[in-house]
Amino acid sequence: MSEREDLVLAYRILAARGVVDAYGHVSLRTAKNPNRYLLARAMAPELVTADDILEFDLDSNPVKDVKAALYLERYIHGEIFKRRPAVKAVVHNHSPSVIPFGVTTVPLRPLFNTGAFVGEGVPTFEIRDFQDSGDLIIKTPHLGHALATTLGAKPAALMRGHGAVVVGESLMLAVVRSVYLELSARLQDAGDADRRTRRSRGVSRRARSGGNQWPSGFLRHVEENVGPVVYQGAAQIEMEQKAKRRRGK
């Protein structure tokens, strides 16, 4: 397959996995000239064909004059390619499960083997540190450079209230990381929700038992073989009544 066909496939995979929406995009540094990269014209990722792929210099100007609309945020790609010579592909997405981590202090964690790259660190780009406008779009070389600087040597960076940028030393790696960044965020959120639920239920059980949680059958064993249990706390009366009922009184 040609580089253009590979890039089309990357667009389709990311769209099929729900990692990019209508505004996401992925680029590929050309093998013949490391100072050029390929990127589709501005369009929905799932509709991209090889004929829609354009070539850009690292200042994110199209090499040939074109009348097609261009992504406003193409500077993300050019500025990262400038700063990271080893990077061959860049993905910008609005991955839904990832976005909340860009607006909270909860860090993304590497939860499984294919998400291990998260452990290298995923910094957050705060656009308000680089402009006064409330606009979150990376539509100038200045903002693209600022994002590339925040990304540094990391495999990915969050963009507050916007999405994420993911890079790789190959197109395949950038796509894989993008997919598993979304999955890792989803799993972490599910795990945190489960812990919150179990913690809430645990507090509820402790409240009802006056601060004690009795294993099944333990209370009866103690009362029959040791003696009456003395309860403390707001649930004392309720627990005493339950104990009496268990003793048949």
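Two strands count as paired if DSSP finds at least two bridges between them. Helices (H or I, at least four residues) and strands (E, at least two) are DSSP runs, numbered from the N terminus. This is a predicted model, in which local features need pLDDT of at least 70 and side-chain atom pairs count only at pLDDT 80 or more, while totals for chains, interfaces and linings use all residues. Residues are numbered from 1 along each chain as its sequence is written, and side-chain values use heavy atoms, with hydrogens and water left out.

Seven strands form an open sheet in the order 3-2-1-4-7-6-5, with mixed pairing. Strand 3 (53-57) and strand 5 (124-125) are the edge strands, each pairing on one side only. Helix 1 (residues 3-16) packs on the sheet and touches strand 1, strand 2, strand 3 and strand 4. Contact here means heavy atoms within 4.5 Å. The direction of helix 1 makes about 155° with that of strand 1; axes are lines fitted to C-alpha atoms, for helices over the stretch in contact, and angles run from 0 to 180 degrees between N-to-C directions.

Strands of a sheet pair through backbone hydrogen bonds, either parallel or antiparallel. Strand 1 and strand 4 pair in the antiparallel sense over four bridges, and Ser27 has Val90 of strand 4 as its bridge partner. Strand 4 is also joined to strand 7 by five bridges, again running antiparallel; there His92 stands opposite Val165 of strand 7.

Five of the five residues of strand 4 are buried, so this strand is largely enclosed by the rest of the structure. Buried means under 20% relative accessible area, exposed over 50%, and partly exposed in between (1.4 Å probe, protein chains only). In a regular strand the side chains alternate between the two faces of the sheet. Both faces of strand 4 are covered, with Ala89, Val91 and Asn93 buried on one side and Val90 and His92 buried on the other.

Helix 2 (residues 75-83) has seven buried residues out of nine, so it is largely enclosed by the rest of the structure. The buried residues are Tyr75, Ile76, His77, Gly78, Glu79, Ile80 and Phe81. They pack against strand 1 (25-29), strand 2 (36-40), strand 4 (89-93), helix 3 (141-151), strand 6 (156-159) and strand 7 (163-168). Helix 2 runs at about 145° to strand 4.

The largest nonpolar core has 56 residues, and Tyr11, Ile80 and Leu181 have the most contacts inside it. Such a core is a set of buried Ala, Val, Leu, Ile, Met, Phe, Trp, Tyr and Cys residues joined through side-chain atoms within 4.5 Å. Leaving aside neighbours within four places in sequence, the contacts of Tyr11 include Val20, Val26, Leu39, Ile53 and Tyr71.

## Salt bridges

The structure holds eight salt bridges, a salt bridge being a side-chain nitrogen of Lys or Arg within 4 Å of a carboxyl oxygen of Asp or Glu.

Glu126 lies in the loop between strand 5 and helix 3 and Arg160 in the loop between strand 6 and strand 7, so the pair ties together parts that are 34 residues apart in sequence. Glu126 is buried, at 17% relative accessibility.

Lys82 and Glu79 are three residues apart in helix 2, about one helical turn. Lys82 is partly exposed at 38% relative accessibility, whereas Glu79 is buried at 7%. Asp59 is linked with Glu79 and Lys82 in a network of salt bridges.

Arg186 and Glu182 both lie in helix 4 (residues 171-208), four residues apart. Arg186 is partly exposed, with a relative accessible area of 43%, and Glu182 is buried at 4%.

## A buried loop residue

Thr30 is found in the loop between strand 1 and strand 2 and is buried, with a relative accessible area of 5%. A polar atom of the Thr30 side chain lies 2.5 Å from the backbone oxygen of Asn33. Not counting residues up to four places away in sequence, Thr30 touches Glu3, Arg36, Tyr37, Leu38 and Glu55.

Terms used: A polar contact is a pair of N or O atoms within 3.5 Å; within protein, one must be able to donate a hydrogen and the other to accept it, and residues adjacent in sequence count only if both atoms are side-chain atoms.
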